[in-house]
Amino acid sequence: MTGPDVDVVLPCLDEADALPWVLERIPAGWRALVVDNGSTDGSPDIARELGATVVHEPRRGFGAACHAGLTAATADLVCFCDCDASLDPGLLVPFVAEVRSGAADLVLGRRRPRGRGAWPAHARAGNLALSRMLRRRTGLRLHDLGPLRAARREALLGLGLTDRRSGYPLQMVVRAADAGWRVTEHDVPYLPRTGASKVTGTWRGTWQAVRDMRRVLAEPPAAPSAAIEEGTPR
């Protein structure tokens with residue numbers, strides 16, 4: 001028996017309607033890790049029936065779910081994707097190839113909205129503000145802090161990520177930049193999500209996420225503990 005080529009972490013909170021669409025698009029040979037964050041709509045049972053591995057994370061928070069998936073992963077390469085059918089996990093194939101080849105250490109998807117309501121104005125405004133703050137903090141010229149991403153598992157664990165709320169994706173990028181990682185960004189289509197957003201569905205939710213992320217940007221540079229090896233960030 002061999003392990004999966006890639007683990008895909010899918011944070012999940014009441015995504016029963018979206019799960020079939022998402023899971024049928026997981027590339028062959030990859031493992032879907034659906035991290036249930038307290039669903040009440042039967043999402044864990046649906047995920048199991050569709051062949052996913054279910055991880056339970058009782059602590060509420062996007063970062064808590066993502067990190068539970070990362071620590072449960074066993075593959076060398078780990079990807080992250082939302083579980084709301086706004087992003088196709090099949091788009092991660094070239095991301096993984098770029099990390100595996102050594103051309104990049106962290107690959108992010110720059111969301112390009114497709115269809116009415118794919119990315120509400122308040123969510124775009126919050127993302128733009130954060131991208132500008134990130135550029136001032138790290139020098140990275142990124143346009144998005146989207147959830148579609150790929151990197152090596154051990155290197156990610158070595159970043160010592162501590163945020164368990166909305167700041168987790170940003171903290172990953174900030175600490176990767178501080179560690180000298182090669183971070184790249186590629187356009188990906190962003191579809192209208194299935195169901196209501198738990199983070200950026202309202203102005204209040206968006207700006208709460210912005211506050212979480214501003215705290216991350218205010219943190220002093222961390223010293224990652226990951227060893228430098230061939231094929232890992234340096």
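This is a predicted model, and it holds 12 salt bridges.

Select Arg182 and Asp105 to begin. Their closest N and O atoms are 2.7 Å apart, forming a salt bridge. The two residues are 77 apart in the chain: Arg182 sits in the loop between H7 and strand S7 (183-190), and Asp105 in the loop between helix H4 (93-101) and S5. Arg182 counts as partly exposed because its relative accessibility is 28%, while Asp105, at 4%, counts as buried.

Next, select Arg111 and Asp144, whose side chains meet in a salt bridge at 2.8 Å, N to O. Arg111 belongs to strand S5, and Asp144 to the loop between H5 and S6. Both ends are buried: Arg111 has 12% relative accessibility and Asp144 has 0%.

For a network of salt bridges, pick Glu24, Arg25 and Asp88.

Now move to strand S4, residues 77-80. Leu77 and Cys79 lie on one side, Val78 and Phe80 on the other, and all are buried. Strand S1 (residues 6-12) runs parallel to S4, joined by 4 bridges; Asp7 has Val78 as its bridge partner. Strand S6 (residues 149-152) pairs with S4 in the antiparallel sense, also over 4 bridges, and there Cys79 is partnered with Ala150.

Finish with the largest nonpolar core, which has 36 residues; select Leu106 and Trp181, which touch the most other members. Helix H7 (168-178) is one of the elements supplying at least two residues, and H7 gives the most, with 7. Another core, of 31 residues, lies apart from it and includes Ala52, Cys79, Cys81 and Phe95.

Technical notes. Residues numbered from 1 in each chain as written. Predicted model: local features only at pLDDT ≥ 70, side-chain atom pairs only at ≥ 80, totals over all residues. Heavy atoms only, no water. Buried < 20%, exposed > 50% of the residue type's maximum accessible area, 1.4 Å probe, protein only. Pairing = 2+ DSSP bridges. Core = buried A, V, L, I, M, F, W, Y, C linked by side-chain atoms within 4.5 Å. Salt bridge = Lys/Arg side-chain N within 4 Å of Asp/Glu carboxyl O.
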